[in-house]
Amino acid sequence: IVIPQGHSAVSDGRVASCLIKSPLVDSLAVVDIATMQLAKFAGAKSFAVGHDAMPFVAYLCDEGVVVVDSANGFRTKLIKGATSCQFSRDGEQLALITADALLLYEPATGKKSVVDSGKKFYGSPCFSDSGNSLVYLASDEVSEEARCRVQLWERGVGVRTLVSDSFEEPTGRYITAK
């Protein structure tokens, strides 16, 4: 399969995904390698997959984040209002950032749970290799220079602050939302 204007391709041997840059509208291409079936999704701004396995692909569009299940006929699920997403290493969990919350979504089951809420800014979610913990930035301010706390969510434990928003590096800088 040739995908004209395709770039940023990734594959786990079962699924291949890439962005398609077009003068009109950018898209996401997803290929089931076993069947060589191709699906294209218009309006994709960026996409995310797991590092080791890609059972699901998620892409950011104007309405939110769309999760694509390539193993089941390229079924999609829209999570409205999500502005960013990051998969766990195994691709089985998806951290979603909304206007006022950080959510954990399991595409295989459709289960969605709140990790943290009520802050004005969430950013840079990053799962541990096991997927049992997630570190992220959170702030009560909204600006590029917002001072952020470094938060840690652990399965079965909850959320705790690793670094407070008043932490100042020896250089005189704070951890910011940049």
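The protein has zero helices and 16 strands. Helices (H or I, at least four residues) and strands (E, at least two) are DSSP runs, numbered from the N terminus. The model is predicted: local features need pLDDT of at least 70, side-chain atom pairs count only at pLDDT 80 or more, and totals for chains, interfaces and linings use all residues. Residues are numbered from 1 along each chain as its sequence is written, and side-chain values use heavy atoms, with hydrogens and water left out.

**Overall dimensions and surface**

- The C-alpha trace spans about 55 × 40 × 30 Å along its principal axes.
- Of the 178 residues, 42% count as buried. Buried means under 20% relative accessible area, exposed over 50%, and partly exposed in between (1.4 Å probe, protein chains only).
- Among contacts with a separation of 6 or more, 29% link residues 24 or more positions apart. Contact means heavy atoms within 4.5 Å.

- Strand S7 (residues 64-69) is mostly covered, with six of its six residues buried.
- Strand S6 (residues 57-61) pairs with S7 in the antiparallel sense over five bridges. Two strands pair if DSSP finds at least two bridges between them.
- S6 and S7 form a hairpin, with two residues between them. Ala 58 has Val 67 of S7 as its bridge partner.
- On to strand S8 (residues 75-80): S7 pairs with S8 over six bridges, again in the antiparallel sense.
- Val 67 has Lys 77 of S8 as its bridge partner.
- S7 and S8 form a hairpin with five residues between them. In that turn, Gly 73 has a positive phi of about 70°.

**The S9-S10-S11-S12 sheet**

- Four strands form an open antiparallel sheet in the order S9-S10-S11-S12.
- Its edge strands are S9 (84-87) and S12, each of which pairs on one side only.
- Neighbouring strands of this sheet are turned by 20° against each other on average, direction ignored. Axes are lines fitted to C-alpha atoms, for helices over the stretch in contact, and angles run from 0 to 180 degrees between N-to-C directions.
- Six bridges join S11 (residues 101-106) to S12 in an antiparallel arrangement. Tyr 105 has Lys 112 of S12 as its bridge partner.

**Two loop residues**

- Lys 119 sits in the loop between S12 (111-117) and strand S13 (121-127). Lys 119 counts as buried because its relative accessible area is 17%.
- The side chains of Lys 119 and Asp 116 are joined by a polar contact of 3.2 Å. A polar contact is a pair of N or O atoms within 3.5 Å; within protein, one must be able to donate a hydrogen and the other to accept it, and residues adjacent in sequence count only if both atoms are side-chain atoms.
- Leaving aside neighbours within four places in sequence, Lys 119 contacts residues including Asp 100, Asp 140 and Arg 149.
- Ala 146 lies in the loop between strand S14 (133-139) and strand S15 (149-154). Ala 146 is buried, at 0% relative accessibility.
- The C-alpha atoms of Ala 146 and Ala 42 are separated by 33 Å. These two residues are 104 residues apart along the chain.
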